[in-house]
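Here's a quick briefing on the model shown below. Have the viewer open while you go through it.

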Amino acid sequence: MDNHNTQLPHSEPTPEDVLFDAASRFAADKIAISFSGAEDVVLIDMAHKLNLDISVFSLDTGRLHPETYRFIENVRSHYGITIELLYPDADAIRDLVREKGLFSFYKDGHNECCGARKIAPLRRKLETLDAWITGQRRDQSVTRTDVPLEQLDKAFSTISHTVTKFNPLASWSSHDVWAYIRANEVPYNPLHDRGFVSIGCEPCTRAVGPHEHERAGRWWWEEATQKECGLHAQNVIKIISR
Ligand code: SF4
C-alpha cells in the first residue's frame, strides 16, 4: 500500500478502508465520487489503485475558472475515466440572471446562485444514487469540525430515499492531502500554485495569504459560519443550532 499511510496518527479506518467498504456495500451505479478539488482527486486516485468501480461526477456551474475546466479534463485523461458533468437548469439561470444580473451573490449572498447552479443539479443526481463520496476534511472550516467518515445525508435524504455520505478524508489535514498528491503524482488544479487553496467558482474564489485559513478565499464577504454552498448544508445547520 502507498507510503502516505505511515504518517497518519489515528487508529480509525484509512481512507482506502472507507472507500473499499463503501464500494462493497453499494451497487456501482448507486454510488459516486463528487469531484471538484484536490481532495477529490486523491479519492479518485485511491479508488483507481484499488480497482474500485465507482463513478465520478462534477458540478459545472458555468462560472468555473478556465484552469479548473482544464484540470477536470486532465483528471479525466490521466485516469482514463468518465467524469459526468452536472449542469444547472438553463431556465433557472436565465431567470436569475435576468432578474438580478450575473453577480447578485455579492449583494444578497451566495445561497440563491449556489442553489440554482449547484444544489439543484446535485439534488437531481443524488435522487439517482444511494451514496456519494466527498473530500470533506474536519480542519477545512468551522462548519466541518464534526464531519464523520460516514453519515446519513440529511440535506438530501427524503422519507422514501436515504442517501449516505462518505467522507474518507475527514481526519486528514491539508498537509496529508498534499503529501499524498506529491508522493503519488496526482493531478492538481494549477491555481494552487498561485495561492488558491479552496477553489470554487471564479467570482467567489480568491487566493489567500500564508497566514489565512484556507476557506478565507471562498465567499470572503460572508460570515465564516455560513461558508457552505449547500452541498454540505447539514454542517451549517449544526452550527446554527448550537
Ligand atoms: S460559488 Fe458563486 S458563482 Fe458559484 S454557484 Fe455559488 S454563488 Fe454562484
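Let's start with Leu231, which lies in the loop between H7 and H8; helices (H or I, at least four residues) and strands (E, at least two) are DSSP runs, numbered from the N terminus. Keep in mind that this is a predicted model, where local features need pLDDT of at least 70, side-chain atom pairs count only at pLDDT 80 or more, and totals for chains, interfaces and linings use all residues. Residues are numbered from 1 along each chain as its sequence is written.

**Leu231**

- Leu231 is buried, with 20 other C-beta atoms within 10 Å. (Buried takes 20 or more other C-beta atoms within 10 Å of the residue's own, exposed 12 or fewer, and partly exposed is in between, with C-beta atoms placed from the backbone.)
- Leaving out residues up to four places away in sequence, Leu231 touches Lys118 and Leu122. (A contact means that the two C-beta atoms, placed from the backbone, lie within 7 Å.)

**Confidence**

- The average pLDDT of the protein is 89, and 88% of the residues score at least 70. (pLDDT is the predictor's confidence in each residue, from 0 to 100.)
- Residues 1-5 have a pLDDT below 50, and this stretch has seven contacts in the model beyond near neighbours in sequence.
- The pLDDT is also below 50 over residues 237-242, a stretch with four contacts beyond near neighbours in sequence.

**Overall layout**

- You'll find eight helices and six strands in the protein.
- Reading from the N terminus, the elements go α-β-α-β-α-β-α-α-α-β-β-β-α-α.
- Out of the 242 residues of the protein, 38% count as buried.
- Take the contacts between residues at least 6 apart in sequence: 68% of them join residues at least 24 apart.

**Around the ligand**

- The ligand is surrounded by 13 residues, and the closest are His110, Cys113, Cys114, Cys201 and Cys204. (Near here means a C-beta atom, placed from the backbone, within 6 Å of the molecule.)
- Helix H6 (residues 111-126) gives the largest share of this shell, four residues.
- Sorted by class, the shell has seven nonpolar, three polar and three charged residues. (Ala, Val, Leu, Ile, Met, Phe, Trp, Tyr, Cys and Pro count as nonpolar, Asp, Glu, Lys and Arg as charged, and the others, Gly among them, as polar.)

**H4 against H6**

- Helix H4 (residues 90-100) packs with H6 at an angle of about 170°, and their axes are 10 Å apart. (Axes are lines fitted to C-alpha atoms, for helices over the stretch in contact, and angles run from 0 to 180 degrees between N-to-C directions.)
- That angle makes H4 roughly antiparallel to H6. (Over 145 degrees is roughly antiparallel, under 35 roughly parallel, 65 to 115 roughly perpendicular, and the rest oblique.)
- On the H4 side, Ala92, Ile93 and Leu96 meet Glu112, Cys113, Ala116, Arg117 and Ala120 of H6.
- The residues in this contact split into six nonpolar, no polar and two charged.

**Positive phi**

- As background, most residues other than glycine have a negative phi.
- Glu185 has a phi near 50°, a positive value in a residue other than glycine.
- Glu185 sits in the loop between helix H7 (174-184) and helix H8 (233-240) and is exposed, with 9 other C-beta atoms within 10 Å.
- Trp219 has a phi near 40°, again positive in a residue other than glycine.
- Trp219 is in the loop between H7 and H8, but counts as buried, with 25 C-beta neighbours inside 10 Å.

- Asn167, in the loop between strand E6 (164-166) and H7, counts as buried with 24 C-beta neighbours inside 10 Å.
- Apart from neighbours within four places in sequence, Asn167 is in contact with Thr134, Gln136, Val147, Pro148 and Leu149.
- Asn167 and Thr134 are 33 residues apart in sequence and 5.2 Å apart in space, C-alpha to C-alpha.
- Gly135 is in the loop between strand E4 (131-133) and strand E5 (150-152), and it counts as buried, with 24 C-beta neighbours inside 10 Å.
- Neighbours within four places aside, the contacts of Gly135 are Gly37, Glu39, Asp40, Val42, Leu43 and Leu169.
- Gly135 and Leu169 are 34 residues apart along the chain, and 5.9 Å separates their C-alpha atoms.
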